[in-house]
Amino acid sequence: MPTSTHKQNYVDPVGKSVPRIDGRGMVTGQTKYVFDVSFPNMLIGKMIRSPHPHAKIVSIDTSKADALPGVRSIVTAKDTYNIKFGSNEYFFPHTIDQMALEADKVRYVGDEIGAVAAVDEEAADEALRLIDIKYEILPHVVDVEEAMKPDAPMIHESLNNIAVILPVNFGNPERAMKEADYVREDKFYAPAAHQSAMEPHVCVGQWETFTDKVTLWSSSQAPFKCREALAKTLKMDLNDVRVIKLAVGGGFGGKLEMLPMDFAACMLSKKAGGLPVKICYDREEEFLASRRKHGMIYRIKTGVKKDGTIVAMTGEVIADGGAYCSYGPTVLAAAIMRIFMVYKIQHFRMSGYRVYTNTPVSGAMRGFGGVQAGFAIESHMDLLAKALDMDPVEFRLKNITSPNMTTVNKMVLTTNGLKECIEKATTAAEWSKKRGKQKNIKRGIGIGIAADVMGSKMYKSHESAGSIVKVEEDGSVYLFTGAADTGQGSNTALSQIAAHELGVSYSRIKCKSGDTEITPFDTGSFASRVTFISGNATIRAANDAKKQILNVVAEELKMNVDDLDIKAEEVINKTNGSVIMDFDKALELAYSFNYGRQIIGRGSYNPKTTPIDFRTAEGNVSGSYGFEAQIAEVEVDTDTGEVTLLEMWDAHDIGKAINPQSVEGQIEGSLAMGIGYTFLENLHFDKKGRPANGNFANYRLPRSMGIPKMNSILVETNDPEGPFGAKGMGEASLLPTSAAIANAIEDAVGIRMKELPITPDKILKALKDKELDKKSDEKNNS
Amino acid sequence: MTTLHINGKKYQLELKGNETLLEVLRNNLGLTGTKTACEESECGTCTVNINGKSVLACITMAAALEGDRITTIEGLSNDDVLHPLQQAFLDKGAVQCGFCIPGFIMSAKALLDKNPEPTREEIDYALDGNLCRCAGYLKIIEAIEEAGKIMKEQQAQN
């Protein structure tokens, strides 16, 4: 683009819905995903998987497969270094429990024993058939409550199948509960689900045989975390392992970790003399052997005063973990401790159990335990309000957290727009006009509220992000970030931030992200952290670049650099607002004969947080916190049990919208995912622990039909720590959706759904039960 | 030798006969804009247009398409000028990860070429085979409505 057009078209990009920086490639089909990567002589890799849910591996004979023409390499546990990997090394070292390829035992149908690489798919499939593995079958367990029993088959070498017990205790809930006017206990069930990103898990590994370095192209949400696990299991130095992400076709938590396929692609390439090896999951493997959402049984008991004040809460959470721990321990912690961001609670005791079963591995999925917890807690809150004959909004307003408070577990909530979110959502939805007043037409309205972190220390001892802003002599600005855009638009938001801070047009920015050898370190896309943490790093890098340019101008004109700034493509004198020169002129100067200064700004940001101490459950995990209120309006057909979602409202404290259209996109995408989880999605398992509905024909995702009108209401609290006031916001909108809908159903027809998904069958059964209860009440009264 | 007409170009291919159109596009011709998320006709990600109709490339045999007019996402833009659908998807913020987008655009193109002013119901019906996990569909629907308006104006001008 000619330089003059940057100035002509300048608008301050922060707060504007600028088009996505990578959008043109996506709408033309030119964008390359790892799914599209192909190299000359590239081999096709496939995983060798267990057909048994639980068995000892007695012997592996690969000789027939080795002899097959077309097969180039085979790897099994003997090609590993017997090093386990996992994702909670810092907080829960005992949960590092998965081998890159299992040696002695398999723990679910699909468990990885090895992999083959061949010249084509047919040869790879034939090799898989020819590999002879002898097993000693062990008894197995699929049901999570069965797995907790003392006589259950032991899945790992431990005392029992409970991998993590997490007690969270504050105050004296027993004593406090005695002071309550009303106490109730409820049990909820939120099932397993699947991230189901459209691009499957896919990687290409290539070993450089003479330098002993390896490159992995991976569809990853966290290339640097992938590199860490890969280097560990390959027994290599971090910088001998390069992980590159390209465009990523969605992640939603499922692509947050290294998987055995990543290790296998690298090792297969090594054994094949350095030929690149591509492993791409098919959709059934996605459901079987990637990661999934924990199914959770959530028991919750709360005591309240007549005026609605919560005095104490206790409970128990049982999480079905599958065969390995993955992110399970922290998912469990988040499922319990999120409540402190939302409600003021002093007396609390909840115990969490993360339990092994012989089923696919549960890990991170958007919301990180908060979706299951949100359904339970927000449904329970409505039941409490109902018992007190209080409006659910009034009940919540009585108990919510406030700005500038420290929670019982030492989270420091600074800006907190929760009250404003509730007020704005209820006003927009005409709550008081509708609530309880549309029963005659079987319509109802329900609310759910939530809060979320923006970042969480999950990588060793820090969670920093780094950025580099390089300004070239032609005026183009390169932003290098380790952050991994997985579709949420972080490359766009970070580019907007860089342009604003540097004082130039967004059209100048080019963004390179997520290559561990080129871009600065970043822990990755999770915990709604990127805008907040990587955004702050980017401000610092852009500011550093700006200072370097201004230093040249100050030297040349013998001015004080502190008096200078760059605004709207011009170097200005801050003291009187006068224009000194165009940005392009300043750059010409910087790269002139006399100066020849390369402009390379750098920035690093690590939020001022303290990690949770899991002995006390105390810690301020996030640099700021985001809040939200959501309302659903439904109509129930009492003949068919069908629920029609009429409209949804979502008011979200996002601090400041860097790109309002992207923010709306995150909210709408979250709501759609929440709608799917509420009505359709239920990943369940057969007797052998295999997904019983592990494909898109049977695992139903929401489609365009049935998506209601969604109203996004952006609440801007301008967080002092956030980049230009912004907070992270990729997950919170998903947390209260199921409860808001369930609460609306109760308002419409007076039935309470405590188990997801909410299906017409369950609605009809509940309506029938309600009718029977009514009749027996009438009988007893007569 | 099989001759396929794709995006206005002729391709001569040696086919075994059992290749799907998806495999031929991606593996033989390097037209990787057409993706797949399931390869079993459930996700719509591989949608292309054949003689103006939206068709799933993963379940269509390539050898049977001689003489047919095949259009993929790569055939939509004219040099630097985006097709109104592509432009509207960008303008309305309908694109997130982008992986499903070529399929959505091709489903929408088959609809709008016949009916540039579809109702929400007609759009839902046309998109019923397409899955998106990121965007929640609404901005995609807005983009299709917007593109329809522009296509109608363009038709009126021609």
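Predicted model: local features only at pLDDT ≥ 70, side-chain atom pairs only at ≥ 80, totals over all residues.

User: How does one read the directions in which residues of a helix point?

Analyst: As a general idea, an α-helix has 3.6 residues a turn, so residues three or four places apart point the same way. The next step is to look for the surroundings of the helix.

User: How many residues of chain A are in contact with chain B?

Analyst: Contact is judged here by C-beta atoms within 7 Å. On that basis, 46 residues of chain A are in contact with 39 residues of chain B. Helix 2 (23–28) and helix 19 (660–679) of chain A each supply at least two residues of the side that touches chain B. Helix 19 gives the most to this side of chain A, with 7 residues. By class, the side of chain A that touches chain B holds 19 nonpolar, 19 polar and 8 charged residues.

User: Into which domains is chain B divided?

Analyst: Chain B has domain 1 (2–72) and domain 2 (84–157). Their C-alpha centres lie 21 Å apart. Between these domains of chain B, 14 residues of domain 1 are in contact with 12 residues of domain 2. Strand 3 (47–50) and strand 4 (53–56) of chain B each supply at least two residues of the side of domain 1 that touches domain 2. Strand 3 of chain B gives the most to that side, with 3 residues. The side of domain 1 that touches domain 2 of chain B comprises 4 nonpolar, 8 polar and 2 charged residues.

User: How do strand 3 and strand 4 of chain B run, and how many bridges join them?

Analyst: They run antiparallel and are joined by 4 bridges. B:Asn49 has B:Ser54 in strand 4 of chain B as its bridge partner. The hairpin of these two strands of chain B has 2 residues between the strands, and B:Asn51 takes a positive phi near 50°. Strand 3 of chain B is also joined by 2 bridges to strand 5 (residues 69–71) of chain B, again antiparallel. There, B:Ile50 stands opposite B:Ile70 in strand 5 of chain B.

How values were computed:
Residues numbered from 1 in each chain as written. Chains lettered and ligands numbered in written order. Domains from an automatic or database assignment. Contact = placed C-beta atoms within 7 Å. Nonpolar A, V, L, I, M, F, W, Y, C, P; charged D, E, K, R; others polar. Pairing = 2+ DSSP bridges.
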